[in-house]
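Please keep the sequence and the model in view while reading.

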Amino acid sequence: VQFGATVTVRHEDESERIYTIVGIDEVDLTRNRISWMSPLARALMRASEGDVVIFQSPKGQQEIEILSVCYRPVD
């Protein structure tokens with residue numbers, strides 16, 4: 001996972017979400033675009049499909065599994 005990646009993850013509650021890692025000025029939480037500086041994005045950086053990463057969220061420490069990584073244009 002690098003800057004600009006669109007990442008599908010599975011959270012501990014088994015929910016799946018898709019996030020795109022963007023610059024600070026492109027953040028849009030309604031479209032799941034997260035800053036490369038956020039705790040979640042920092043945990044995802046340099047990880048690969050199949051990896052499990054741990055990050056600190058406002059709800060406490062969370063573990064997520066990376067299901068897929070792709071790169072597509074951000075509109």
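**A salt-bridge network**

Arginine 10 is partly exposed, at 24% relative accessibility; here buried means under 20% relative accessible area, exposed over 50%, and partly exposed in between (1.4 Å probe, protein chains only). The model is predicted: local features need pLDDT of at least 70, side-chain atom pairs count only at pLDDT 80 or more, and totals for chains, interfaces and linings use all residues. Residues are numbered from 1 along each chain as its sequence is written, and side-chain values use heavy atoms, with hydrogens and water left out.

Which residues are linked in a network of salt bridges? The network joins Arg10, Glu14, Glu16 and Glu65.

Between glutamate 65 and arginine 10, the closest N and O atoms of the salt bridge are 3.0 Å apart. Because glutamate 65 lies in strand 5 (residues 60-71) and arginine 10 in strand 1 (residues 5-10), this pair ties together parts that are 55 residues apart in sequence. Strands (E, at least two residues) are DSSP runs, numbered from the N terminus. Glutamate 65 counts as partly exposed, with 27% relative accessibility.

With glutamate 16, arginine 10 forms a salt bridge whose closest N and O atoms are 3.4 Å apart. The salt bridge between arginine 10 and glutamate 14 has an N to O distance of 3.8 Å; glutamate 14 is exposed, at 56% relative accessibility.

Definitions and conventions:
A salt bridge is a side-chain nitrogen of Lys or Arg within 4 Å of a carboxyl oxygen of Asp or Glu. Helices (H or I, at least four residues) and strands (E, at least two) are DSSP runs, numbered from the N terminus.
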